[in-house]
Amino acid sequence: MRDRGLALDRCVPILLSAVLLPGCDASRAPEPVRFAPVSEELFSDGGALTDAWADIDLDGDPDRFVGFNGARSRLYRNDGLGSFVDVATDVGLRVERSVRTSAWGDFDGDGDPDLLLGFAGDPPVTALWRNDLGTFTEISGDVGLRLDAGTTRQATWIDVDADGDLDLFLGMRDGANRLFVQTDGLFTDRASEVGLADPRRTVGAVWFDEGDGDGWLDLVVANMNGDANGLYLGAPDGFSEGQDELVRSGGRALGDENEGSVRPCSVDYDADGDFDLFFANYGPNGLLERTERGWTGRAEELGVANPSRYDTCAWADFDHDGSIDLFVNGTVGGGTHYRDWLMRREGSAVFVDVTPSDILDRNASHGATWVDFDLDGDLDLALAGAAEDGTHSLLQNLLRPEFAWHSLQVRVLDEAGHSTRAGAEVRIYAEGTRTLLGTRRVDSGSGYDAQSDLPVHFGIPGGQRVDVEVTVPAAGRRTVTRLDGVDPRALQGRALEVRAGRR
């Protein structure tokens, strides 16, 4: 196991440059949980299925794509100060389909994010919209990504073969999963030959170096209708499926058509430096802690099992106390809206339900994204509501300004400064020490109906200087890049960009 330094699983004061930095400061009462809706009329329509964020025009703030169940999709350009404009038609992105998949990624390496969409219904069931600095052109047929049959779900842009360009994994609800490997701008489905053509009913996926630290990216797929989940371990000759029973179940029943896993999240919930797994399920949720002995189920004892029917998990330190918190949203079905949960973790205690009425009243389901849309340092919450009485709300986090900037956002890019390094691990340490303050993973598509090309975010109690370490697992190597003495105060309103990868 890697040296993790001091895990902030307890309230431990840390001395930094003669300043006492509270690691989940027990002397300070938890911050009030306050959110306020943004542009309610603009974001009022229900029937929203997908939510995906990226900086489409490279102006420094994140923009928002929302796909609907047959209504016209929206592309909201962020013009700053809480002002959004729907520019979908103006930029050539007019889509009136049931959008079940949306994923941003710079597949052509030109510096701006492109958009993959997956549809339900008539062919084609995929589309790839190339972005040319804010103008979009559909090119799926030209590059080998047009599918005329199938039901798509989770899409992930990932450099699976470590050759410097982005490949595409596509989870399928009704057939074998796909892995489109890119070579010279053209994509070929190689899922079968590398062992990833899982025929079960897949709706979610997450890529990360699973815990053995061998430098090969591994894959967890979340499967529905009682199917076991899949854990695929990467190796030089392809992928082999692991048989860990906790991962296969994800905390819910196997073989029960009414239960299944929807979204898997990899998260260092206990701040010990390695990645644990959370499953948002139909059935009890699952939280699997990574230990030296393997996976251990912790959901029930920590208070996050909450048996129900959930669509997504989204983790964030929304209150900047140094501990990462959890949002899960309930699905809508059979005339029932299953409730949402915002669960705050305070130190090593169980998670506490702090869901405010502004979230409960939204009829959220499907997509949920933490995003700093206003660049004030804290994370806001975007929600998609599939029901007709739902919304696609954006809720501003009203964390007090003196605490909002106690944070750091890190964007990990390839050597050219373009494509996001999906699967990369980011750790921050107290300056000049190996005292671990937090761990995040670059995610380009684990979320059921929620995907984004956004920087990773850390709350830093006290806002003090930190050392940043980025590890990129690729083709059997783990390349480490360090930046020492990073001052979050000098980065207010923008992310720290780190170019990392092959050397």
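**Strands, a disulfide and a pocket**

Modeller: In this predicted model, strand 16 and strand 17 (residues 218–223) form an antiparallel pair joined over 6 bridges.

Colleague: Which residue in strand 17 stands opposite Val-206?

Modeller: Strand 16 covers residues 202–208, and because 7 of its 7 residues are buried, it is largely enclosed by the rest of the structure. Across from Val-206, the residue that strand 17 contributes is Val-220.

Colleague: What is the handedness of the disulfide that joins Cys-265 to Cys-313?

Modeller: The two cysteines are joined with an S to S distance of 2.3 Å, which lies within the 2.5 Å cut-off. The link connects distant parts of the chain, since Cys-265 belongs to strand 20 (residues 260–267) and Cys-313 to strand 24 (residues 308–316), 48 residues apart. Because the torsion about the S-S bond is about 110°, the disulfide is right-handed.

Colleague: Is Cys-313 buried or exposed?

Modeller: A residue counts as buried when its relative accessible area is under 20%. Cys-265, at 5%, is therefore buried. For Cys-313 the relative accessible area is 0%, so this residue is likewise buried.

Colleague: How many charged residues are in the lining of the second largest pocket?

Modeller: The second largest pocket has a volume of about 270 Å³, and of its 19 lining residues the closest to the centre are Val-160, Asp-161, Trp-216, Ala-235 and Phe-239. Strand 14, strand 18, strand 19 and strand 38 each supply at least two residues of this lining. By class, the lining holds 13 nonpolar and 2 polar residues, while the charged residues number 4.

Methods
Residues are numbered from 1 along each chain as its sequence is written. This is a predicted model: local features need pLDDT of at least 70, side-chain atom pairs count only at pLDDT 80 or more; totals for chains, interfaces and linings use all residues. Side-chain values use heavy atoms; hydrogens and water are left out. Buried means under 20% relative accessible area, exposed over 50%, partly exposed in between (1.4 Å probe, protein chains only). Helices (H or I, at least four residues) and strands (E, at least two) are DSSP runs, numbered from the N terminus. Two strands pair if DSSP finds at least two bridges between them. On a 1 Å grid over the protein atoms alone, a cavity is a set of points where a 1.4 Å probe fits but cannot get out, and a pocket is an open set with protein on both sides within 12 Å along at least five of seven lines; lining residues have an atom within 4 Å of a point. Grid points are joined across faces, edges and corners, and a volume is the space filled by probe spheres set on the points. Ala, Val, Leu, Ile, Met, Phe, Trp, Tyr, Cys and Pro count as nonpolar, Asp, Glu, Lys and Arg as charged, and the others, Gly among them, as polar.
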